[in-house]
Amino acid sequence: MCAIAGATAPDDQLAVARILQKQRHRGPNGRDVWSDPDGRITLGCARLATTDLTPLAQQPIQSRDGRFVLAFNGFIAGHRRLIAECMAQGTAFKSQNDAELVLHLLAQAVQGGRDVAFALENLSGQYALAFWDCKTGCLWLVRDPLGIKPLYVMTRPDGGVAFASELGALDVIIPMSFDQDVKAGYLAHLFVPAPQSSVSGIELLSPGTVLSWQVGKTTRSQIRHPANRSRPLSDRQSAVDKMRQAVRQSVANAMDADCAVGALVSGGLDSAGVSALACDVAREHGQASPLAFVMGFDDPLRDETAFAQNLCRHTGQELHVIKAPKTAPEIYDTLCDGLRSVGAPFANPSIVLMQRLSEAVGNHVRVCLTGDGGDELFGGYPRYRAASIYHRYWRHLTVGTRRLAASLAGQMSKRNLRRFLVGGAGGFEDAFDIWNNRCAIPELTARLSCSPIQDQEGIGRNLVDLMMRFDRDVTLPGNQLVMSDRCGMAHGLEYRLPLLGHDVVAIASMITADQHQHQGAKSVWREAITPYLPKGHAGRSKIGFNPPVEEWLAKLGRYIWGDDESILAAIFDGERVAKSDQHRYWQRAISGRDMDMSLSVWALLVWQVWGMLLDDTQQTGSINPKRISDMGVAAEIA
């Protein structure tokens, strides 16, 4: 993994070097810059060395004939096998690094008149890259089809482009101008969805995008998603067997590194399954099991340490428990660190946990396996079950009956039942919007960035399939994968995600949503991984990687602004919400009984904190996380 950067202007060498310097945490093992002899482009790379640690693997890397240059951030599954295949066909390689493999394959494609998107289609992995053709003056900027690695692209007034792995690094080129128009999407998603970035004039490439630039003109193509390359799989036992085999191979590919490898574990199914398979692979190769890491909470209802310990006794792993932050100052400072890493408002409070966890894990290993993507691919979220019930039964009831049930929802204590009744009161599109829009405050303008119901691929699909595809293509890359990349790379740590290996994604897409939900959530995946887990682990209810948001709201609100009136004035600043409703929403948010309201108010709090960070950047040139000391804070709320 690395940070990459570049710009298409004759005098940009120093600027690119400065962009790399600002991303040095992503690539602590060396930085280098290459400039086109004719001054048309400068490419740079700051390297985190995980495969082939020798100087031969330094980037940017140039083809033997000098025509092509590549800056690559990522990991290609099975790269050693693919390199060996190329060498058997007569191609010489100077390294065993996956970047050189990608350079060869892209050069071969261009020279053969083939499309770059097609050449990348069969490469499984997580990557963002810049590929330059010195002969034609063509630049390709690419992001992997799952959206695991980021790439931000700035279009300049002269028609040129600049790009970087992190948004904030591009302020070297132009001052950042925050785009207030992202707020409606942010409130609905709890993040800023691609291609918006939160900065005017800069886009975050959408997953799978291939942007081609040549003399100021751009064209785009799309890498075909691995989920769109397969046919339905009807036989259940075949689905279980294929899933087990594909995930195990994907885990083995992710463990192929020339440095220490760890694994996140929990009481859940996804990370535990990945970690257990990693231990099985390690035993097969005579290697030690990867170190295991879990976040510990004081609250026994939230803590999964005991389950992680039981898992690690079963797998033979050494477990490290990292304590979640508790005090207002450490929560606030870690939140600010996370927001700086993202470069945009980001309202999933788990980023605080991920930032703290990554800091600790990065002290032990450079590569860490995670279970990201399991809920989205294998049908793990409760709203998928709700969509299935709606599609099969609920929508056939009269509208009057459904609306009557929705009118009684407020009297019900169970969150999932309330959401089901409210979302199920209307039609197909209403259900999709309500169950996916995270904003619980009706006065706010909150809009989903897209609806798969409106596109051609959505025609004829049932609601469950559409919701799973929406999460896979929009929510996963914009939410969980952002945390994995930004928090990990902030500490020189590369998270690898075996459940998002292309073969795994393809097989998961062969299985219908109903099959995934048969006999409970993640039915096929659960059956595939159960033999590797301790007895009873696969049948546990998921706790989830979530902090006590209601508690954090109360702590941070008082820590930053003081009394309740000041808190509400700050959080609801600029919103058309009556004072009485502000008080009501705040009390619901900190009560611990309304998670949807807690997240919505948290999103407003983060929006204001983000504004404070921007103000500090404009005034001092750097973000000062201690600015709150000047805001009349009375005392620390422990």
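This note goes through the cavities, ring contacts, cysteines and backbone geometry of the predicted model.

1. Basis. Residues are numbered from 1 along each chain as its sequence is written. The model is predicted, with local features needing pLDDT of at least 70 and side-chain atom pairs counting only at pLDDT 80 or more, while totals for chains, interfaces and linings use all residues, and side-chain values use heavy atoms, with hydrogens and water left out.

2. Cavities. The structure holds three cavities of 30 Å³ or more, a cavity being a set of points, on a 1 Å grid over the protein atoms alone, where a 1.4 Å probe fits but cannot get out.

3. Lining of the largest cavity. Lining residues have an atom within 4 Å of a point, and for the largest cavity they include Phe75, Gln126, Ile148, Ser250, Ala254 and Leu497. Strand E6 (125–133) and helix H6 (236–254) each contribute at least two residues to this lining; helices (H or I, at least four residues) and strands (E, at least two) are DSSP runs, numbered from the N terminus. By class, the lining has seven nonpolar residues, five polar and no charged, with Ala, Val, Leu, Ile, Met, Phe, Trp, Tyr, Cys and Pro counted as nonpolar, Asp, Glu, Lys and Arg as charged, and the others, Gly among them, as polar.

4. Aromatic pairs. Rings of Phe, Tyr and Trp (its six-membered ring) pair if their centres lie within 6.5 Å, and planes under 30 degrees apart count as stacked, over 60 as edge-to-face and the rest as tilted. By this rule there are 14 aromatic pairs. In one of these, the ring centres of Tyr390 and Trp435 are 5.9 Å apart and the planes stand at 90 degrees, so the pair is edge-to-face. Since Tyr390 belongs to helix H12 (residues 382–392) and Trp435 to helix H15 (residues 428–436), the pair ties together parts that are 45 residues apart in sequence. Both Tyr390 and Trp435 are buried, where buried means under 20% relative accessible area, exposed over 50%, and partly exposed in between (1.4 Å probe, protein chains only).

5. A further pair from helix H15. Phe432 and Phe470 also form an edge-to-face pair, at 5.2 Å centre to centre and with 80 degrees between the planes. This pair links distant parts of the chain, with Phe432 in helix H15 and Phe470 in helix H16 (residues 463–478), 38 residues apart. Phe432 is buried at a relative accessible area of 1%, and Phe470 counts as buried at 3%.

6. Ring cluster and charges over rings. Phe178, Tyr186, Trp607 and Trp610 are linked into a cluster by ring pairs. A charge sits over a ring if NZ of Lys or CZ of Arg is within 6 Å of the ring centre and within 35 degrees of the ring normal; in this sense the charged end of Arg383 sits over the ring of Tyr381, 4.7 Å from its centre.

7. Cysteines. A search of the whole structure finds zero disulfides, a disulfide being a pair of cysteine sulfur atoms within 2.5 Å. For Cys86 the nearest cysteine sulfur is that of Cys2, 20 Å away, and Cys86 is buried, with a relative accessible area of 10%. For Cys279 the nearest cysteine sulfur is that of Cys312, 7.4 Å away, and Cys279 counts as buried at 0% relative accessibility.

8. Backbone points to inspect. Most residues other than glycine have a negative phi, and most peptide bonds are trans. The peptide bond from Gln59 to Pro60 is cis, with omega near -5 degrees, and Pro60 is in the loop between strand E3 (42–47) and strand E4 (61–62). The bond from Ala194 to Pro195 is cis, with omega near 10 degrees, and Pro195 is in the loop between helix H5 (183–189) and strand E10 (202–204). Val215, in the loop between strand E11 (209–214) and strand E12 (217–222), has a positive phi near 50 degrees and is exposed at 72% relative accessibility. Lys522, in the loop between helix H19 (513–517) and helix H20 (523–529), has a positive phi near 55 degrees but is buried, with a relative accessible area of 5%.

Technical notes. On a 1 Å grid over the protein atoms alone, a cavity is a set of points where a 1.4 Å probe fits but cannot get out, and a pocket is an open set with protein on both sides within 12 Å along at least five of seven lines; lining residues have an atom within 4 Å of a point. Grid points are joined across faces, edges and corners, and a volume is the space filled by probe spheres set on the points.
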